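Here is a short report on one protein model. It covers charged pairs, aromatic pairs, the surface and the overall fold.

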Amino acid sequence: MLHRGQESTNGAGGGELTVPMAWLYAEYIADELLRTGDLMPPTSFEFRAGRDALALTIFLSDTDGELSGIRVVSQLETWLSLTAYDQPWQDWVRERMARLAAEAIDAGGPDPDLDLAAAAWRWLQETELLAPDLNAVPGGGPVFGEDEGPKVWTPAWQLGLPLGHLAIHLF
């Protein structure tokens, strides 16, 4: 079992390959939760947003560096509370990312897990997806299909977070 700060390396060929096990494990758990919930097609951008938001939650909530040793069921309540609608998830992610970045600098080297988490966080912030506008009141007649209602461009994390939260509920 690997803990944060430990590396899996393969010295074959003269170079070392560092495998970001903690991030890959967090991403795997998030993927499984979303697939079990069967909320979105796995090839959709919405699925990716949900997976990345959940993976960030899982990865960043691992304060003891024991992610690869956790049992998923024992952490579901923690992840559920972190992804709840009334929680400042975005602020929490920023604070945890900053703390982990400072720890990586103090440790004197790059952290491949943190690099992947940072890439996911950038994608979630910078990517906008077209989503139903839940705040709009249809002006004419009733809207029959979800594709017919008003839509708005929304940051991916704002779609992915509730999707991940619902996937945890359905698990």
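Arg51 pairs with Asp52 in a salt bridge, with 3.5 Å between the closest N and O atoms. The model is predicted. One link in it is Glu27 to Arg51, a salt bridge at 3.9 Å, N to O. Glu27 sits in helix α1 and Arg51 in helix α2, so this pair ties together parts that are 24 residues apart in sequence. Another link is Arg48 to Asp52, where the side chains meet at 3.5 Å, N to O. Arg48 and Asp52 are 4 residues apart in helix α2, a separation of about one helical turn.

How do the members differ in burial? Asp52 has a relative accessible area of 2%. The cut-off for buried is under 20%, so Asp52 is buried. Glu27 is partly exposed, at 22% relative accessible area. Arg48 is partly exposed too, with a value of 31%. The structure holds 5 salt bridges. Side chains of opposite charge can pair when their charged atoms come close.

## Aromatic pairs

A pair of aromatic rings is described by the distance of the centres and the angle of the planes. How many aromatic pairs does the model contain? The count comes to 3. In one of them, the rings of Trp23 and Phe59 have centres 5.7 Å apart and planes at 75°. Planes over 60 degrees apart count as edge-to-face, so the Trp23 and Phe59 pair is edge-to-face. This pair links distant parts of the chain: Trp23 is in helix α1, Phe59 is in helix α2 (residues 45–60), and they are 36 residues apart. Both Trp23 and Phe59 are buried.

Trp89 and Trp121 also form an edge-to-face aromatic pair. Their centres are 5.6 Å apart, with 75° between the planes. Trp89 lies in helix α4 (residues 89–107) and Trp121 in helix α5 (residues 112–126), so the pair ties together parts that are 32 residues apart in sequence. Both Trp89 and Trp121 are buried. Ring pairs link Trp89, Trp121 and Trp157 into a cluster.

## Val93 and its contacts

Val93 belongs to helix α4. Is Val93 buried or exposed? At 0% relative accessibility, Val93 counts as buried. Which residues touch Val93, leaving aside neighbours within four places in sequence? The contacts are Leu56, Leu60 and Trp121. The C-alpha atoms of Val93 and Thr57 are separated by 7.7 Å, and these residues are 36 apart along the chain.

## A loop residue with positive phi

Most residues other than glycine have a negative phi, and most peptide bonds are trans. Asp38 is not a glycine, yet has a positive phi of about 50°. Where is Asp38? Asp38 lies in the loop between α1 and α2. The relative accessibility of Asp38 is 65%. Exposed means over 50%, so Asp38 counts as exposed.

## A nonpolar surface patch

Met21, Leu24 and Leu116 form a nonpolar patch on the surface. Together these residues have about 220 Å² of accessible area. Met21 is found in helix α1 (residues 21–37). Met21 is partly exposed, with a relative accessible area of 35%.

## Fold and surface

The secondary structure comes to 6 helices and 2 strands. Read along the sequence, the pattern is α-α-α-α-α-β-β-α. Of the 171 residues, 39% are buried.

Consider contacts between residues at least 6 apart in sequence: 71% of them join residues at least 24 apart. The accessible surface of the protein comes to about 10000 Å². Carbon and sulfur atoms account for 53% of this surface.

Methods: Residues are numbered from 1 along each chain as its sequence is written. This is a predicted model: local features need pLDDT of at least 70, side-chain atom pairs count only at pLDDT 80 or more; totals for chains, interfaces and linings use all residues. Side-chain values use heavy atoms; hydrogens and water are left out. Patches are made of residues with over 30% relative accessible area and no salt bridge: like charges are joined within 9 Å, nonpolar side chains (Val, Leu, Ile, Met, Phe, Trp, Tyr) within 5 Å. Accessible areas come from the Shrake-Rupley method with a 1.4 Å probe; for residues, only the protein chains shown count as cover. A salt bridge is a side-chain nitrogen of Lys or Arg within 4 Å of a carboxyl oxygen of Asp or Glu. Buried means under 20% relative accessible area, exposed over 50%, partly exposed in between (1.4 Å probe, protein chains only). Rings of Phe, Tyr and Trp (its six-membered ring) pair if their centres lie within 6.5 Å; planes under 30 degrees apart count as stacked, over 60 as edge-to-face and the rest as tilted. Contact means heavy atoms within 4.5 Å.
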